[in-house]
Structures are given as C-alpha cells and as structure tokens.
Amino acid sequence: MALLWFLTVAAAVAACAAVPMAADASSHSMFTCEPITLRMCQGLPYNSTFMPNVLNHYDQQTAALAMEPFHPMVNLQCSQELRMFLCALYAPVCTEYGRVTLPCRRLCLQARSDCYGLMDMFGVSWPQEMDCNRFPDCDEPYPRAADLLSSSETPSPEAPGAVQRDYGFWCPRELKMDPDLGYSFMGVRDCSPPCPNMYFGREELAPARYFIGVASIVCLSATLFTFLTFLIDVSRFRYPERPIIFYAVCYMMVSLAFFLGFLLDDAVACNPASPGRFRAATVTQGSHNKACTLLFMVLYFFTMAGSVWWVVLTVTWFLAAVPKWGSEAIEKKALLFHACAWGLPGALTVTLLAMNKIEGDGVSGVCFVGLYDLTALRWFLLAPLGVDVVVGVALLLAGIAALNRVRMEIPLEKENREKLVKFMIRIAVFSVLYLVPLLTVLACYLYESSHRPAWETTWVQERCKEYHIPCPYQVEQNSRPDLVLFITKYLMMLIVGIPSVFWVGSKKTCFEWASFFHGKRRKEMVHKSHQALGPEPDFAQLLLREPSRPIVRKSCGTSTQGTSTHASSTHLAMLDQPASGSTSRAGSVRSGPSKSSGSSFHGSLRRSRDGRYTASSFRAKEECPPYGSLPRLKDQSQSRHCSNNRLDSLSRHGSTQRLESQSRHSSVRDLSVATQAVHGVPGHGVHRVLEEDGTRA
C-alpha cells in the first residue's frame, strides 16, 4: 500500500514538473544542437541533444510528455540502465546534423528484464517503438566515446549505431496555423505556404502583377463590348451562335476577378504577419476568409462555365451542320444547355467549398484551386478542361466536315458558295483563337504539376537553415520555376475570352453602335444597315433548306427556279434577322394576299426527266420596262399597272402548267416560293430585291 502511495506521489510530482515545460509556447526545435531541458536527463555525460529524436518527437516538451509513464520506475530504480536507455531515445546525444546514434541492444534488454516485474504489476507494457530488435547488436556504454567528439572528428555514418535519415518536411514555427482552420502545406497539417509566393520575391512579382492587370483590362473591355452589342440588338444573335454571348459573359467575370485581385494586391490572398506570435505572412486557405471565398467562387465558377459554353457552342454548330436543325429547333433545347453550362460548374464549386480547397494566389492576388494541392489541380482543373477540349474539338471537326461536304457535293450559287466558305473560315479562326490559349493553359498546368515536387524540395533546401527545419538528405535535382511560366498561364486564361469580340466585329456592328449613339430607333437602324451593308450569311438559314428547295434569283423580270442545296440567296441576305412570322421552316406562306410589289416573276426553269433545265415563260399582257429603267419611271401607276398585268398573266396562263409540272416532278415548293415572291412578303420577296438593287444602283 505504501508502495502504491509512493508511486502516485512520484507520478504527480513528475507531471507538475513537466507542466511548465509544456506551457512554454515559444519552444521550437532548432534542428541543431540544443541544451537538454528534460529533468530526467540532467547530469548525464553529455548536456546537448538533437531534435527531432529517434522517436520523431518534434521538441523536448513533446518528449517529456511521452516519458511520463516511466517516471515511477526510474524513481524506484528498478534498473540502473533504464534512465540512460530512456535518455538515449528521448534526448539523444548531439553528434552532427541529421545523424542519430542509437543505444546498443544489450542496454535495452537489460533495462527491460530488470523492470519487467514492476511493469507487469502495474499493467504497463513495453512500448512497440522501443523494441530491442531495432537497435544495433553491440556491447558499449552510452554515449560512446566517438559520440562525444566534435563534428569534425565524428566518424562516418557507416559506423555501428549511426543512422542517417531524411526527416521530410517539418512545418516551421513561422508558418504554423491554428488547427481549427484546416490548413495544410506539402502534406503537413496546420501549415501554410509563405506569402506572397514561396518561389519569387516581391521585386520579381511587381512587374508580373501589372502585366496581369493590363491583360485583365483588355479582356474585360473585349467581353463587355460583346455583351453590350448583344443588348443593343438581342434578336441579331440567335442559335447556333447565341452561346458565344454567354461565353463572353463568363470570361467577362473572370477578367473582373483578376482585375480585383490586381487592385487588392495581397489583402485577400495572404494572411497578415504576426510578429508577436512568431508568424510570418502566409497564404490564405479555406473558406474562413469571406473575400477570398467570393473571389474563388466567381473565378472558378465562370472559368468552368466558359469552357462548358464553348462545348455547347460546338454542339449547336453540330446540330445545325449535320442533322440540319433550324434556329427554332435548337432554341427549344436552350433550357438543357443552360442547365449543363451553369449546373456542372456550380456542382464543382460547391464540392470544392465543402472540401475546403480554396487557396490564395500570391502572384495574381486572387483565390483559386490547385495552387499548392496537386490532387485538387488534377481532378478539378485538368480533368474538366481536358474533357471539354476533347468533346468540343470532336464536335467542331464533325460540323466543319459536314459543311465542307455540302460545299463540295451540292451545287450552290457562286455567291452562296463564297458565303459558305467565309463562314467556315470564320468558325475555324474563332475556334483556333479559343483552343490555342486553352491548350497553352493546360500545358502550363501539366508542366507545373509534374515539376512542383522538385520545386518544393529545392525550396526546402534553400530555406531550411533560415526556418530551422531539417534539410533534405538526398536531393536528386535542383529546380526552380520560371516566372514566365506563371505569366503565360494567367495571360492565356484571359486571352481565351477575347475571341468573342472577333465574332461580333463587323461593319454591321459599327453601324449599330453609330446609330445607337445618334439616338435612332432600332427598326430604322436595322433597315438602313441592311441597305448600306448588304447581305451576310445566316448559318441556321444556310443549312436549313432541303436539296429540292428552289433558288430565287434577284431579277425584276424573270425568276429562275432550280434545285438548291441548303439556302436561297434571299435567305442568305438575312444576316442576324429573326425568321419572319409568315414563313415556316420549309418557307411556305401563311398569310393571304398582300400588297402588290413593284416587280414579279414571269419565267422559271423546269427540270426535265433527263436532268436538264428548260425555260418556260409566262408573258404578260403588257410588257414591263427593263429593271434598270425602273427607277426612271415617271408615273407610278404605270408600274402598278404593269405589276397587276403580270400577276393576271401569271394567274391565268401559268397556274395549270405550273401545277402539272409540280405534280410530275414533285416540286411543290416552287409554287410556294413563286407565290411568296408575287405577294411581296417584306424582306423575302421582290420588295427586298428591289431595295437591295436600288441601293446598289
């Protein structure tokens, strides 16, 4: 009973003695020779030790807490070798940097056998990390005579009992963070990288910051111009080109985030230094910083959404080129497009917030993902962007191949063929301007992910003495990143949004902006732009028509009807103009009789069974004046009278013959197009032809 009371009192005294040492918050291993502060190890043949010890205790305070269970046995002196054996493990003699001398196996076996009975009485087991088989087989006292020599006289690490090891990365005291924040750096918890950047100094980052700021302003201006052009005339940009507008909006927000990072400098991306707590400025991590979290959400969400909108753009081009969907059919899928383009990036953003993977960027001043965590970089940046590139390129190539097949196999008018070629070139240039920067960004991220371990090892080797942490034992190669790599990466991330202005850049856009600043009405503006600039191709209308759709040629007195491929010249003239309510996909006329036009058709081409085209004319009672002399008519009644005569002649003499020809050759659309031209549907019939030809004259 007295023995139990004595053991209890001894344990309490030892715990009280250890409390002051544990309470010293400023203690930190210097990874060099330091005086022994453990009470149990005072008065030994050596008075300096090296931390971390062989049991990987970071400092002497941690070692003191681990030695507490052995205090009663040391005080009872169950073995003369126990105290020296424990000190050899928890406070080893300091020999040279990175080398630890282990006690002999005989010392361990003697201490364990002497104290086994007392340990069994109190239910204490011999710790696994103190297994005697792990120590060298020798019979020498501790410390050896060679261990007490100076560093220059110390034998090589190959001597018995010497262990050379790599301690890995130990977080310096200046970079340690509170445990509840959830920080991590190089696989070590409660640690954060230094700020503004661990690889570059402030004098190197200053010009890079200004360069990124200028690039963000240029991208913001280009994408904002594209979006405002869309707001001036919303009906101008229909599917399949409507996703370009949302793509521009996404990169407008990306450039805005980079611009805010340039203005805020290190206020958001870095935690301020705390000299009183021995802490340097560190990189912000996690969602505890609200401003950093907001910048991350905007930048990551719209970066991913912009890449998805480009895939949607290639999907709409594919639907228009291969199955030949019209604008209305593609627009019916707009809800699905929006769900994918906004939903998938939203899910990825929420996942990263839940995983607390937000990291401050000391180079650009924003907060992003994958800057120090390689796993997050590979799964949340490289994988989504890589999938978007593969899917988008596949759909784009399929659409361009379909357009080229249309151009090569089906006869088109020379004007329409040129417009189709120009449109294909336009798609190709826009895609190259998008893909080249995006592929450059992916290449930079791949290079960074493959070389980052070497960069980190080099950084530890260069700063280990300053931070008093273990230096790497074996360094295969020294490698430092180049600042040009980071500048190129951010520049390409911003240039990706600039191609949107290429799509809207045209004379029509300049005319619309000029009319907008002069305060003209929208209808007048569109009407005059069509007259002044002439027709441009409409992609949806270009691919909408069937191979049997007739071509309506621009002429006052004649109308040639042949077999068109996918577009008529009148439809190609309707650039950025919504489909008329009086025409359906096949181009049939819904409305009844309309106002008489200034000209009509009086002839057509009919296709015979042998494939040849023959002319069939419908003469009017009174001859029309030539089209070139139409503006010189002095009496407008003469023009109306001539038009009415043509209509009567066409109605009386051509209806039967035309219907018979249509029934024999299955050419029902010829009648609808001729009727549309006769009735003079605005923007599609003779009125439009006269307006264009009169303007050019």
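Visitor: How many salt bridges does the count come to?
Guide: The count comes to 14 salt bridges. A salt bridge here is a side-chain nitrogen of Lys or Arg within 4 Å of a carboxyl oxygen of Asp or Glu. This is a predicted model: local features need pLDDT of at least 70, side-chain atom pairs count only at pLDDT 80 or more, and totals for chains, interfaces and linings use all residues. Residues are numbered from 1 along each chain as its sequence is written, and side-chain values use heavy atoms, with hydrogens and water left out.

Visitor: What does R279 pair with?
Guide: R279 bridges to D178, with the closest N and O atoms 3.2 Å apart. R279 sits in the loop between β7 (270–271) and β8 (282–283), and D178 in the loop between β4 (162–164) and β5 (184–185), so the pair ties together parts 101 residues apart in sequence. Helices (H or I, at least four residues) and strands (E, at least two) are DSSP runs, numbered from the N terminus.

Visitor: Which residues are linked in a network?
Guide: R202, R209, D265 and D266 are linked by salt bridges.

Visitor: Switching to nonpolar. Which residues touch the most other members of the largest core?
Guide: F169, F258, Y300 and F368, in a core of 100 residues. A nonpolar core is a set of buried Ala, Val, Leu, Ile, Met, Phe, Trp, Tyr and Cys residues joined through side-chain atoms within 4.5 Å.

Visitor: Which element gives the most to this core?
Guide: α8 does, with 19 residues. The elements giving two or more residues include α8 (290–321), α10 (334–355) and α11 (374–409).

Visitor: What is Y300 in contact with?
Guide: Leaving aside neighbours within four places in sequence, Y300 contacts L348, T349, L352, F368, V369, F380 and L381. Contact means heavy atoms within 4.5 Å.

Visitor: What about a second core?
Guide: A separate core of 43 residues includes M40, L89, V93 and W170.

Terms used:
Buried means under 20% relative accessible area, exposed over 50%, partly exposed in between (1.4 Å probe, protein chains only).
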